[in-house]
Amino acid sequence: MLANSLDGYVYGPGLWVTYDGGAAWQRISEVAGISEVAGISEVAGISAFYVVSMVTAGSSVYALVSNWDTGAAGVGGRGGHTRLVRAPVGSDDFTILDDFGPHSYASQPLVASGSTVYALAPAGLIRVQGTTLTTQTLPPGCPGQLAASSPTDLLFVCGEGVGQGSFGTREVYGSTNSGNTWTRLNNPGQGDGYDPDGVAAASEGHAVIGMLSGGGSGLLVTTDYARSWAVRLGFNDSAAGFTDLAFQSASQAVVVHDPQYALEAQYATPPGPSPVPSPATPWMSSDGAVSWHQVTFG
């Protein structure tokens with residue numbers, strides 16, 4: 001993740017930073033030695049941590065970090081705390097903005113638009129501007145995934161997976177006032193999968209929901225402010241799924257299909273038993289997610 005031409009951050013599970021455009025990288029072994037929130041007495045720094053998500057917004061970089069679990073799970077959060085931390089761009093001097101409490105693990109990524117950041121926490125929707133936090137209530141009924149098309153316009157997708165042999169539910173809500181109030185939008189249907197696998201929103205009523213199930217993965221797209229939805233990219237891939245689903249502008253969208261294959265290739269481990277069409281490939285749309293084409297290199 002590049003904040004500008006010089007400053008960049010790489011995470012998962014650890015954290016590396018560069019301040020010279022990638023010529024040299026430094027691994028950060030400790031974050032958040034000071035709290036910016038009253039009542040949090042963190043003074044020693046978090047020296048064993050797992051970075052869940054990072055975004056840049058304005059002149060700041062934000063991250064969700066969890067204590068490292070040395071048990072069987074091998075990931076942060078079990079028995080520890082998830083914390084929202086912030087640092088100025090160009091610095092690794094992270095400070096704590098919020099502590100989600102013990103036995104907490106925030107699995108959903110941070111969402112940024114302009115200088116505003118949103119986090120899905122056990123307490124609700126956290127809105128961050130600089131070091132100022134406010135908490136709003138999320139739509140009831142289910143956990144979900146969030147996207148922002150502007151600092152105030154939000155899309156929240158929640159639903160249940162397969163249960164007793166049938167598709168559960170998928171619900172979509174919109175807010176135009178930073179989550180102060182929510183409006184139930186049209187049900188998008190199952191598409192190509194019953195579990196959500198990412199969501200992205202752009203201006204002019206365009207949004208994408210990533211989906212997966214045991215048989216395949218797909219992108220469910222609206223171009224009319226959620227009045228109607230249609231599958232625009234689908235794979236019979238045994239739930240390979242997607243990552244990095246995002247709009248880079250109102251018309252340009254990107255996604256990476258089958259990220260696990262890319263990880264396996266990086267570590268030279270054997271691929272899964274089922275052949276996957278177009279494994280570990282980036283896809284791009286130039287018409288607001290209506291049509292997609294595979295991106296090739298070389």
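I take buried to mean under 20% relative accessible area, exposed to mean over 50%, and partly exposed to mean in between, with a 1.4 Å probe and protein chains only. By that rule I noted both F235 and W283 as buried.

**Ground rules.** I am reading a predicted model, in which local features need pLDDT of at least 70 and side-chain atom pairs count only at pLDDT 80 or more, while totals for chains, interfaces and linings use all residues. Residues are numbered from 1 along each chain as its sequence is written, and side-chain values use heavy atoms, with hydrogens and water left out.

**Whole chain.** I counted 1 helix and 24 strands in the protein chain, where helices (H or I, at least four residues) and strands (E, at least two) are DSSP runs numbered from the N terminus. Buried residues make up 45% of the 298 residues. Taking contact as heavy atoms within 4.5 Å, I found that residues 24 or more positions apart account for 43% of the contacts with a separation of 6 or more.

**Confidence.** The mean pLDDT (the predictor's confidence in each residue, from 0 to 100) is 83 for the protein chain, and 81% of its residues reach 70 or more. I located the lowest confidence in strand β4 (residues 34–35), at a mean of 49, and the highest in strand β9 (residues 111–113), at 95. Over residues 36–44 the pLDDT is below 50, and this stretch has 21 contacts in the model beyond near neighbours in sequence.

**Aromatic pairs.** I looked up rings of Phe, Tyr and Trp (its six-membered ring), which pair if their centres lie within 6.5 Å; planes under 30 degrees apart count as stacked, over 60 as edge-to-face and the rest as tilted. The structure holds 3 aromatic pairs. F156 and W182 make a tilted pair, 6.0 Å centre to centre with 55° between the planes. F156 sits in strand β14 and W182 in the loop between β15 and β16 (183–184), 26 residues apart, and the pair links distant parts of the chain. F156 counts as buried because its relative accessibility is 1%, and W182 also counts as buried, at 19%. F235 and W283 make an edge-to-face pair, with 5.5 Å between centres and 70° between planes. Since F235 lies in strand β20 (residues 230–235) and W283 in strand β23 (residues 281–285), this pair ties together parts that are 48 residues apart in sequence. I also recorded that F235, F242 and W283 form one aromatic cluster.

L245 is in strand β21 (residues 242–247) and counts as buried because its relative accessibility is 14%. Leaving aside neighbours within four places in sequence, I listed the contacts of L245 as G198, V199, A200, V208, G210, L219, V254 and V255. The C-alpha atoms of L245 and G210 are separated by 7.8 Å, although the two residues are 35 apart along the chain.

I then checked backbone angles, bearing in mind that most residues other than glycine have a negative phi. D244, in strand β21, has a positive phi of about 60° although it is not a glycine, and D244 counts as exposed because its relative accessibility is 55%. A239, in the loop between β20 and β21, has a positive phi near 65° and counts as partly exposed at 29% relative accessibility.
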